[in-house]
Amino acid sequence: MLDLDNLPETGTDADVLEEVVMGLIINAGQARSLAYSALKQAKQGDFETAKTLMAQSHAALHEAHRVQTQLIESDEGQGKIKVSLVLVHAQDHLMTAMLARELIAELIELHEKM
């Protein structure tokens, strides 16, 4: 695991930051994908599998959010971490995954009630 507490202040170690950001994108994408798979299972009436997939989605989202939190803490609100297009892209992935997961959880609940 990368030591996010020691990210470079000047952006000279861009490879480390890029690896962290790619991990954020991968985990957020995995969370979103698992949530949509859970919805598909719920639509087919398999609520146990849907629940399992949503739990896996939660774990992936939790990991992505943990990385985001560490990035924010490392920056300390002082602009220590260079903002790049890929970092913005990672934030987009995370936020859309969080929103998708919340909405999908509601949809699954509705399917289960029907």
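A surface patch is built from residues that have over 30% relative accessible area and no salt bridge, with like charges joined within 9 Å and nonpolar side chains (Val, Leu, Ile, Met, Phe, Trp, Tyr) joined within 5 Å. The areas come from the Shrake-Rupley method with a 1.4 Å probe, and for residues only the protein chains shown count as cover.

The structure is a predicted model, in which local features need pLDDT of at least 70 and side-chain atom pairs count only at pLDDT 80 or more, while totals for chains, interfaces and linings use all residues. Residues are numbered from 1 along each chain as its sequence is written, and side-chain values use heavy atoms, with hydrogens and water left out.

Val83, Leu85 and Val88 together make a nonpolar surface patch of about 320 Å². Val83 sits in the loop that lies between helix H2 (47-75) and helix H3 (85-113), where helices are DSSP runs of H or I with at least four residues, numbered from the N terminus. With a relative accessible area of 61%, Val83 is exposed (exposed means over 50%, buried under 20%, and partly exposed in between, with a 1.4 Å probe and protein chains only).

Two salt bridges are found in a search of the whole structure, each being a side-chain nitrogen of Lys or Arg within 4 Å of a carboxyl oxygen of Asp or Glu.

| Salt bridge | Closest N and O atoms |
|---|---|
| Arg66 and Glu63 | 2.5 Å |
| Glu109 and Lys113 | 3.4 Å |

Arg66 and Glu63 both belong to helix H2 and are three residues apart, about one turn of the helix; Arg66 is partly exposed at 24% relative accessibility, and Glu63 is partly exposed at 28%. Glu109 and Lys113 are separated by about one helical turn because they lie four residues apart in helix H3. Glu109 is partly exposed at 39% relative accessibility, whereas Lys113, at 65%, counts as exposed.

Definitions and conventions
Helices (H or I, at least four residues) and strands (E, at least two) are DSSP runs, numbered from the N terminus.
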